[in-house]
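Visitor: I am new to this structure. Please show it to me, and then let me ask about it.

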Amino acid sequence: MVLKKIVENAVQAKKEIEELATQGYTHDDIYIFAHDKKRTEHITDALDTESVGMKEQGFLDSMKNMFTSRGDELRSKMEAAGLTAEDAADAEKELDHGKLVLIAKK
């Protein structure tokens, strides 16, 4: 099962992560996305969540993302984390407005 949550900031993200933990999700089941790559890294590290990498995407998609736009990369990673292409596109629009996207996948 895949859940997608949109939040305004890291404080709200932390609350959502705590709520997801009460539902049985572990920090390894939760991914956080921000439009800015550094913001994503800082929040992921601070909240001890997972990042989408080669394990989720596969080697070829990981390599392809090195040469695509940030929006394309984010949509690809969100799909690898379990969203449909349409949900990933919608979520990427939220990222354009400075919001964070949490994806929880068991």
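Visitor: Which residues of strand 2 are buried on one side, and which on the other?

Guide: First, a word on the source: this is a predicted model, where local features need pLDDT of at least 70, side-chain atom pairs count only at pLDDT 80 or more, and totals for chains, interfaces and linings use all residues. Residues are numbered from 1 along each chain as its sequence is written, and side-chain values use heavy atoms, with hydrogens and water left out. Strands are DSSP runs of E, at least two residues, and helices are runs of H or I, at least four, numbered from the N terminus. Buried means under 20% relative accessible area, exposed over 50%, partly exposed in between, with a 1.4 Å probe and protein chains only. Both faces of strand 2 are covered, with Ile30 and Ile32 on one side, and Tyr31 and Phe33 on the other.

Visitor: What is the bridge partner of Tyr31 in strand 3?

Guide: Two strands pair if DSSP finds at least two bridges between them. Strand 2 and strand 3 pair in the antiparallel sense, over 4 bridges. In strand 3, the partner of Tyr31 is Ile103.

Visitor: What pattern does the protein chain follow along the sequence?

Guide: The protein chain has 6 helices and 3 strands. Read along the sequence, they give β-α-β-α-α-α-α-α-β.

Visitor: Is Ala88 buried or exposed?

Guide: Ala88 lies in helix 6 (residues 85-96). Contact means heavy atoms within 4.5 Å. Leaving aside neighbours within four places in sequence, Ala88 is in contact with Arg75, Met78, Glu79 and Leu83. Because its relative accessibility is 0%, Ala88 counts as buried.

Visitor: How many residues of helix 5 are buried?

Guide: Helix 5 spans residues 70-80 and is mostly covered. Its buried residues include Arg70, Leu74 and Met78. Met78 is 10 residues from Ala88 in sequence, but 5.7 Å away in space, C-alpha to C-alpha. The buried count for helix 5 is 8 of 11.

Visitor: Where is His27, and how far is Thr49 from His27 in space?

Guide: His27 has its place in the loop between helix 1 and strand 2. At 31% relative accessibility, His27 therefore counts as partly exposed. Thr49 is 22 residues away from His27 in sequence. In space, C-alpha to C-alpha, the two are apart by 4.9 Å.

Visitor: Which ring does the charged end of Lys106 sit over?

Guide: A charge sits over a ring if NZ of Lys or CZ of Arg is within 6 Å of the ring centre and within 35 degrees of the ring normal. The charged end of Lys106 is 4.8 Å from the centre of its ring. That ring belongs to Tyr25.
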